[in-house]
Amino acid sequence: MNKISTIILGSLLLIPAISQAAEAQKPMNNWTCEDFLALDSSFQPTAVGFAEALNNKDKPEDAVMDVKGIETVTPAIVQACTEDHKASFKDKVKGEWDKLKKHF
């Protein structure tokens with residue numbers, strides 16, 4: 001039950017981020033770091049969670065949203081994206097998650 005409520009909550013939190021992205025008319029798979037940094041900072045963790053879900057779409061064992069991990073990794077992604085605005089947002093998310101997982 002807890003996993004289901006986390007997924008539902010995560011989906012509800014995605015609505016504002018998706019609305020902002022819809023204005024840009026660009027699917028998240030094609031986002032650059034610049035697109036991510038253009039989001040309001042309160043929506044950035046939601047975008048990170050969504051990108052992580054896209055990165056793990058074929059891995060059901062990783063399908064549960066790691067809210068604590070998202071809170072931890074978002075500042076690192078913001079920093080990495082600030083250094084390279086043209087980089088793929090999904091690639092930065094994957095890279096920073098991999099770094100985080102090595103520490104735990």
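**Contacts, core, helix and salt bridges**

Student: What does Phe89 touch, not counting residues up to four places away in sequence?

Tutor: Phe89 touches Met28, Trp31, Thr32, Cys33, Phe36, Ala47, Val48, Ala51, Ile77 and Cys81. Contact means heavy atoms within 4.5 Å. This is a predicted model: local features need pLDDT of at least 70, side-chain atom pairs count only at pLDDT 80 or more, and totals for chains, interfaces and linings use all residues. Residues are numbered from 1 along each chain as its sequence is written, and side-chain values use heavy atoms, with hydrogens and water left out.

Student: What makes a set of residues a nonpolar core?

Tutor: Its members are buried Ala, Val, Leu, Ile, Met, Phe, Trp, Tyr and Cys residues, joined through side-chain atoms within 4.5 Å. The largest such core here has 17 residues. Those with the most contacts inside it are Trp31, Phe36, Ala47, Val48, Ile77, Phe89 and Trp97. Helices α2, α3, α4 and α5 each give two or more residues to this core. In soluble globular proteins, nonpolar side chains tend to be buried together.

Student: Why is Thr74 called buried?

Tutor: Buried means under 20% relative accessible area, exposed over 50%, and partly exposed in between (1.4 Å probe, protein chains only). Thr74 has 7%, so it is buried. Its place is in helix α4. Leaving aside neighbours within four places in sequence, Thr74 is in contact with Gln44, Pro45 and Val48.

Student: Which other residues of α4 are buried?

Tutor: Gly69, Ile70, Val73, Ile77, Ala80 and Cys81 are among them. What covers the buried residues includes α2 (33-37), α3 (44-55) and α5 (89-103).

Student: How do you know that the span of α4 is close to the expected one?

Tutor: The expected span is 1.5 Å times one less than the number of residues. Helix α4 (residues 67-83) has 17 residues, with 24 Å expected. From its first C-alpha to its last, α4 reaches 25 Å.

Student: Where does α4 bend?

Tutor: At Val73, by about 35°. The bend is the angle between axes fitted to the seven residues ending there and the seven starting there. A proline, Pro75, follows within four residues.

Student: Why is the pair Glu34 and Lys86 called a salt bridge?

Tutor: A salt bridge is a side-chain nitrogen of Lys or Arg within 4 Å of a carboxyl oxygen of Asp or Glu. The closest N and O atoms of Glu34 and Lys86 are 3.1 Å apart, so the pair qualifies. The pair links distant parts of the chain, 52 residues apart: Glu34 in helix α2, Lys86 in the loop between α4 and α5. Glu34 is partly exposed at 39%; Lys86 is exposed at 61%.

Student: How many salt bridges does a search of the whole structure find?

Tutor: Four. One of them joins Asp98 and Lys94 at 3.3 Å, N to O. These two are four residues apart in helix α5, about one helical turn. Another joins Lys99 and Glu96 at 3.2 Å, N to O. Lys99 and Glu96 are three residues apart in α5. An α-helix has 3.6 residues a turn, so residues three or four places apart point the same way.

Student: Why is Glu96 called buried, and Lys99 partly exposed?

Tutor: Glu96 has a relative accessible area of 12%, so it is buried. Lys99 has 47%, so it counts as partly exposed.
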